[in-house]
Amino acid sequence: MKLWKKDKKSDSDLSKIVEQFTVGRDREFDLLLAEHDVLGSLAHSQMLESIGLLNKEELNKIHSELNLILKDIHSGNFKIDSTMEDIHSQIEWILTQKIGETGKKIHSGRSRNDQVLLDIKLYLRAEIKTISKEVNNLFGQILSLSEKHKNKLLPGYTHLQIAMPSSFGLWFGAYAESLVDDMEFIQSAYNICNKNPLGSGAGYGSSFPLNRKSTTELLDFENMNYNVVYAQMTRGKSEKAVAIALSAIAATLSKFAYDVCLYMNQNFGFISFPDELTTGSSIMPHKKNPDVFELIRAKCNRIQALPNELTLLINNLPSGYHRDLQLTKEILFPAINEMQQCLQMTQFMLQHIEVKNDILKDEKYAYLFSVERVNELVLQGISFREAYNTVGNEIENGMFKANKNLHHTHEGSLGNLCTDEIKQAMKRFHQLYS
């Protein structure tokens, strides 16, 4: 069934070829929109009754059947038949089979264009909330690890060369704060999706006296897309906003996963995981590979490409609806699921992370404290440049020795600094999350 099909139009082998190509994977992804399509129809039909396009009895019949469909969706018994073009056709067909002509009235005052726009915005809004909860859980977990290990030192690197002392508190805390910034992207994407497009029709409004404020309130939108032409322009733009937010989170997880892979390496040996959370080699019995984090890194790197992929899809389209926009589903929807999996797996792995103690006792890290030695001389009244040259010569001549007292002092100061940063990050994060 097609909402646009006329009764006299017959199917031919040629039209079936076209249908197969144009429908593509829409049925597969439209199942994700099923609940939201029903919720949109519930609100739209209630609005239609309020302006006299449905009577009370018709509304009750429609709502009764829509709620039965909703139960099927929640129970996993709902499917889109292969003869149906999309989720909208499927639900309207069910209604007309159950309640006859009344079911056909539900499409009054709307187009498939604003219907799918609404479904996608409701879907994205719900998925953003789910991802935000996962980010919130990971944020709290990383903060806990940061506090727990704040006084355990590890080398800091620049250019992958030993640089200055760091701590696990600072390392974990850095990723916690990164998630705070990522949540700002998420909040912006949510705000863009939280505007009601229903009532914009095919992009040029309707001659019916639609009450768009009513559906905005019924569907719990913060606001509406007022300009009906722009409402259609948000198709693709909303998806891209979410993709940008996902790419920000993915960048944080990818960098963290890279650090984990590096720190697990035997040449570093800063952290480890139980054997059952690593994988082995088919020929090297000693191997404990970080496959989980390598896949998190790979999946998140792919997610970071989403904004570019969507840009290539939508950037040369004029205003109005175009079938190109159908492909935003197959670009974005699977990535949302992968993002959730990466967040969940990161949390799972961090439950089992083991952090090594006394890393900096190894003599190869002695030069980490060269800056502290320079600063010590400066505090004694020597100019910085002279102190720098003095310590540099000590290193070149093999005379430099790390000050153990500085080691102890640095440990405490790093821990305190980390705690302060954590408190500020936590405050900002929960302001965004709430």
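V378, F384 and Y388 form a nonpolar surface patch of about 280 Å². Such a patch takes residues with over 30% relative accessible area and no salt bridge, its nonpolar side chains (Val, Leu, Ile, Met, Phe, Trp, Tyr) joined within 5 Å and, for charged patches, like charges within 9 Å. The areas are Shrake-Rupley values with a 1.4 Å probe. A salt bridge puts a side-chain nitrogen of Lys or Arg within 4 Å of a carboxyl oxygen of Asp or Glu.

The model is predicted: local features need pLDDT of at least 70, side-chain atom pairs 80 or more, while totals for chains, interfaces and linings use all residues. Numbering runs from 1 along each chain as its sequence is written, and side-chain values use heavy atoms, without hydrogens or water.

Y388 belongs to helix α15 (residues 384-396). Helices are DSSP runs (H or I) of at least four residues, strands (E) of at least two. Y388 is partly exposed at 46% relative accessible area; under 20% is buried, over 50% exposed. R385 lies over the face of Y388, 5.1 Å from the ring centre. The cut-offs are 6 Å for NZ of Lys or CZ of Arg, and 35 degrees from the ring normal.

Now the aromatic pairs: there are 17. Centres must lie within 6.5 Å; planes under 30 degrees apart are stacked, over 60 edge-to-face, the rest tilted. F268 and F270 sit 5.6 Å apart with planes at 90°, so they are edge-to-face. F270 is buried, at 0%. F273 and F293 are 5.4 Å apart at 40°, so that pair is tilted. F273 is in the loop between β5 (271-272) and α11 (291-303), and F293 is in helix α11, so the pair ties together parts 20 residues apart in sequence.

How values were computed: Buried < 20%, exposed > 50% of the residue type's maximum accessible area, 1.4 Å probe, protein only. Phe/Tyr/Trp six-rings, centres within 6.5 Å; stacked < 30°, edge-to-face > 60°.
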